Amino acid sequence: MPAASTTLRVLAASVIASLTVTGCQALDDAGVALGRADLVNDLTARMDRALEQTWAADYQLPGGRTASIAQTVKPLQSAYTWPEGKITVTQEAVTRCEKSGEHTSCVVSPPVLTAGKPSVVVYTEVRKHALVTPPAVIRLLTDAALDPQATIEQRDTTLAGHHATCVDVTHAGKSFTACVTTEGVLASFTGTLDGRSAEITLSRYTDAVEASAFDVPAGATVVDQRTATS
């Protein structure tokens, strides 16, 4: 069972238990909390499962910029590409690339143990660049679901030809909207992450991933920092 979903169920159960001991109104509140927890739990579980599947997605960013995510299970690898850089995680290496002007330089580092989810390493890295990642959205949704003062409204939409469940959330004085496809891919996000405005919208999704998605950018200078051991 996904760790994020397990945590949500345990905490949501505690919230509901505290509500149900104070009377009929509390029972109504508990029903709302349960429905909200079930909705968020479903969305977070979808995204968590997607971390262990093969797919590729392209995204539209503000200002006409784009980003992409690609990952495969066999072999286990993932990549996140954005206008200023790219990170690729495989069983052989972690490759970080940065673009400066027209030139791209890449540094190849030893592999990192990923427990079957190389995408986790990718998402941790790209968060430093203020890009929206599924784990960051999971965290926001979980926090909102456990706040009795938060409001979470559900609606459905279609993005890039794929059905998606959306939630409009108001929590701790802030609002955000997140959509997740049936496949568990983050379809869109508009809101604030780490104090910065963030927006991302799915433009293409496929479960067929080209091998070139994990290559270093064409013409890049590559420095391999891996050291051979005897």
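**Close-up views of a predicted model**

**View 1. The loop between strand S2 and strand S3, with Pro75.** In this predicted model, Pro75 is found in the loop that runs between strand S2 (66-72) and strand S3 (77-82). The peptide bond that joins Lys74 and Pro75 is cis, with an omega of about 0°.

**View 2. The loop between helix H3 and helix H4, with Ala130.** Ala130 lies in the loop between helix H3 (118-126) and H4, and its phi is near 65°, which is a positive value in a residue other than glycine. Ala130 counts as partly exposed because its relative accessibility is 36%, a value that falls between the limits of 20% for buried and 50% for exposed.

**View 3. Helix H4 and its buried residues.** Helix H4 comprises twelve residues, 134-145, and from its first C-alpha to its last it reaches 16 Å, close to the 16 Å expected at 1.5 Å a residue. Nine of these twelve residues are buried, so H4 is largely enclosed by the rest of the structure. The buried residues of H4 are Pro134, Ala136, Val137, Ile138, Leu140, Leu141, Thr142, Ala144 and Ala145.

**View 4. The loop between strand S10 and strand S11, with Asp194.** Asp194 has its place in the loop between strand S10 (186-193) and strand S11 (196-206). Although Asp194 is not a glycine, its phi is positive, at about 50°.

Technical notes:
Residues numbered from 1 in each chain as written. Predicted model: local features only at pLDDT ≥ 70, side-chain atom pairs only at ≥ 80, totals over all residues. Heavy atoms only, no water. Helix = DSSP H or I, 4+ residues; strand = E, 2+ residues; numbered from the N terminus. Expected span 1.5 Å × (residues − 1). Buried < 20%, exposed > 50% of the residue type's maximum accessible area, 1.4 Å probe, protein only.
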